Amino acid sequence: MKVILFKSSLFKRVVQALPLVGVIVLMACSDVDKTEPNAEVKANSNQSLVVYSSRSEHLIKPVFDLYAEQTGVKIKYATDKAGVLIERIKAEGEHTPADVLITVDAGTLGYAASQGIFQAVDSDIILRNVPAHLRDANNLWIGLSLRARTIVYSTERVNPKQLSSYKALGDSRWHGKLCLRTSKKVYNQSLVAMLISAYGENKAQTIVESWVANLAIDPTVNDTQLMEAIIAGQCDLGLVNSYYFGRLQNKVDDLPLALFWPNQTESVASGVHINVAGAGVLKYSKNVDQAKAFIEWLVSDDAQSIFAGVNQEYPVNPAIPVDPQVASWGSFNDSKLPLSNAYKLQPAAVKLMDRAGYK
Ligand code: FE
């Protein structure tokens, strides 16, 4: 597949038809962090690699199949929740059959790195294809696809001209109109960690307090429920990961919701808060060269299109065009703050949300 290079920033991309994505059904898929415990390693081959993944089977299998087709290397895999897989890798120690862990959220990837289960990957291809803020400083983990946590609003009750930044969701204009997902979810912990990274702890707390003061209803269990609350008129706007919006868009005709890209003009904390699905090579991998080659392939053209496209995410490689449906939501500048801060500042974020009364 031809790589098309665009001169502008990550999301100022021209939409291109993706021939390879055509073979993938863009399905309304289950939450990546709600994978069924499925501990059995699958497939078999002489030349093979073992991947543990907290990403659901239907989001990874098309990519693994393409890898086998192109390289002859089969991927055996097990899926489960991230925490379970990390504990399993630790318990297996040097006897682990696994070579690579794939999971979501920079906070979770940072936690995995802190547990000493990864080894640094030295690769010019990764350095070239993955922007520095989307991987660990020592390349213990590497972002593979990118999601935006952004504002979703009712197209019936909100004029997007009234929207500007994450901070402005705390304006009195939105009193009794804001919905938030629970603070227990890692996505919000990473978001608040990045607010701390951008503004410092005091100002970040003031922002979160102003959000809590504007809440229309108790925090929702998940992003989909939040959007359903807006549709039901319980609130007018909130924050969601972009791909959940895409899934609902595929389920509901004439969805009365739209995404807004905040922080496009603000000098402090400029850019939309983004996060990644990513991978690391395990410290006790017996196939380090193959594991590295697999991750290099994942950040290359074909795999990037598919890996991002199946979950309506954005490629991390800015040279790869985005899926047409995702592109229809508009372009934006993403925050360039290093995502490794998400893990470092998560403990402070959790305490801050507690102090701010964000349940
Ligand atoms: Fe998710």
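A donor, as I use the word here, is an N, O or S atom within 2.8 Å of the metal, and since water is not among the atoms, a site may look incomplete. Please also keep in mind that this is a predicted model.

With that in place, the iron ion is coordinated by the OH atoms of Tyr187, Tyr243 and Tyr244, at 2.0 to 2.1 Å, and along the chain these donors follow the spacing Y-x55-Y-Y. Are Tyr243 and Tyr244 buried or exposed? Both Tyr243 and Tyr244 are buried.

In helix α1, which spans residues 57–71, Asp65 and Lys61 lie four residues apart, about one turn of the helix, and they form a salt bridge whose closest N and O atoms are 3.0 Å apart. Asp65 counts as partly exposed at 39% relative accessibility, and Lys61 is likewise partly exposed, at 34%.

In helix α2, residues 82–92, Lys90 and Glu87 are three residues apart and therefore separated by about one helical turn; their salt bridge brings the closest N and O atoms to 3.2 Å. Lys90, at 33%, is partly exposed, as is Glu87, at 40%.

Arg88 and Glu92, also in helix α2, are four residues apart, again about one helical turn, with 3.0 Å between the closest N and O atoms of their salt bridge. Finally, salt bridges that share partners join Arg55, Arg147 and Glu313 into one network.

Conventions
Residues numbered from 1 in each chain as written. Predicted model: local features only at pLDDT ≥ 70, side-chain atom pairs only at ≥ 80, totals over all residues. Heavy atoms only, no water. Donors = N, O, S within 2.8 Å, 3.2 Å for Na, K, Ca; no water. Buried < 20%, exposed > 50% of the residue type's maximum accessible area, 1.4 Å probe, protein only. Salt bridge = Lys/Arg side-chain N within 4 Å of Asp/Glu carboxyl O. Helix = DSSP H or I, 4+ residues; strand = E, 2+ residues; numbered from the N terminus.
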